[in-house]
Amino acid sequence: MSADHVFTALASPARRELLRLLLDEGAQPAGRLAERFDMSRPSVSEHLKVLKDAGLVAETRKGRERHYRLEAAPLMEIRDWLTPYERFWRERLTALTTLLDEMDDDEMDDSDGPRHDG
């Protein structure tokens, strides 16, 4: 599955919450997941279908129920895509910290005030 499909799936807060529930609580039937949302079961099922199509959840049937479990592998591709941006922000924050430390040092030097020998 492409990163675009995964990003599209992750764009919805409801789908991100479904993933969080599956991460925190493990595999569960669609009905139990639907109970956690203030939307119709068909709407939750549609969100689960988008997650399934993106490869983020797997579906198994147990009798009449569909059980869903998290499939985190597609998130690795997203993590790999985000890594350069994480490095970018880490470098920026390090530079900001260095600048602020230098400003603190300058203020400390200036706070000594003029010296009078006499």
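A residue counts as partly exposed when its relative accessible area falls between the buried range, under 20%, and the exposed range, over 50%. In the present model, which is predicted, Trp81 has a relative accessibility of 45% and therefore counts as partly exposed. Phe7, at 32% relative accessibility, counts as partly exposed, and Tyr85, at 44%, is also placed in the partly exposed class.

These residues take part in aromatic pairing. A pair of aromatic rings is described by the distance of the centres and the angle of the planes. With ring centres required to lie within 6.5 Å, the count comes to 3 aromatic pairs. In one of them, the ring centres of Phe7 and Trp81 are 5.3 Å apart and the planes stand at 75°, so the pair is edge-to-face. Phe7 belongs to helix H1 (residues 3-10) and Trp81 to helix H5 (residues 73-111), so this pair ties together parts that are 74 residues apart in sequence. Trp81 also pairs with Tyr85, with 5.0 Å from centre to centre and 35° between the planes, an arrangement classed as tilted. Trp81 and Tyr85 are 4 residues apart in helix H5, so about one helical turn separates them. Phe7, Trp81 and Tyr85 form one aromatic cluster.

Strands of a sheet pair through backbone hydrogen bonds, either parallel or antiparallel. Here the sheet has 3 strands in the order S1-S3-S2, and the pairing is antiparallel. Strand S1 (28-29) and strand S2 (57-62) stand at the edges with a single partner strand each, so one side of each has no neighbour in the sheet. The antiparallel pairing of S1 with strand S3 (residues 65-70) runs over 2 bridges, and Pro29 stands opposite His67 in S3. Helix H2 (residues 13-25) packs on the sheet and touches S1, S2 and S3, and the direction of H2 makes about 85° with that of S3.

The loop between H2 and S1 contains Gly26. The relative accessible area of Gly26 is 25%, so this residue is partly exposed. Gly26 and Leu70 are 44 residues apart along the chain, and their C-alpha atoms are separated by 7.5 Å.

Helix H2 also meets helix H4. The axes of H2 and H4 come within 10 Å and cross at roughly 75°. Because angles of 65 to 115 degrees count as roughly perpendicular, H2 is roughly perpendicular to H4. On the H2 side the contact is made by Ala14, Arg15, Leu18 and Leu19, and on the H4 side by Val44, His47, Leu48, Val50 and Leu51.

In soluble globular proteins, nonpolar side chains tend to be buried together. The largest nonpolar core of this model has 21 residues, of which Leu18, Leu33, Leu48, Leu51, Leu56 and Tyr68 touch the most other members. Two or more residues of this core come from each of H1, H2, helix H3 (30-35) and helix H4 (41-53). The most is given by H2, with 5 residues. When residues up to four places away in sequence are not counted, Leu51 touches Ala9, Arg15, Leu18, Leu19, Leu56 and Val57.

How values were computed: Residues numbered from 1 in each chain as written. Predicted model: local features only at pLDDT ≥ 70, side-chain atom pairs only at ≥ 80, totals over all residues. Heavy atoms only, no water. Phe/Tyr/Trp six-rings, centres within 6.5 Å; stacked < 30°, edge-to-face > 60°. Buried < 20%, exposed > 50% of the residue type's maximum accessible area, 1.4 Å probe, protein only. Pairing = 2+ DSSP bridges. Contact = heavy atoms within 4.5 Å. Axes fitted to C-alpha atoms, helices over the stretch in contact; angles between N-to-C directions. Core = buried A, V, L, I, M, F, W, Y, C linked by side-chain atoms within 4.5 Å. Parallel < 35°, antiparallel > 145°, perpendicular 65-115°, else oblique.
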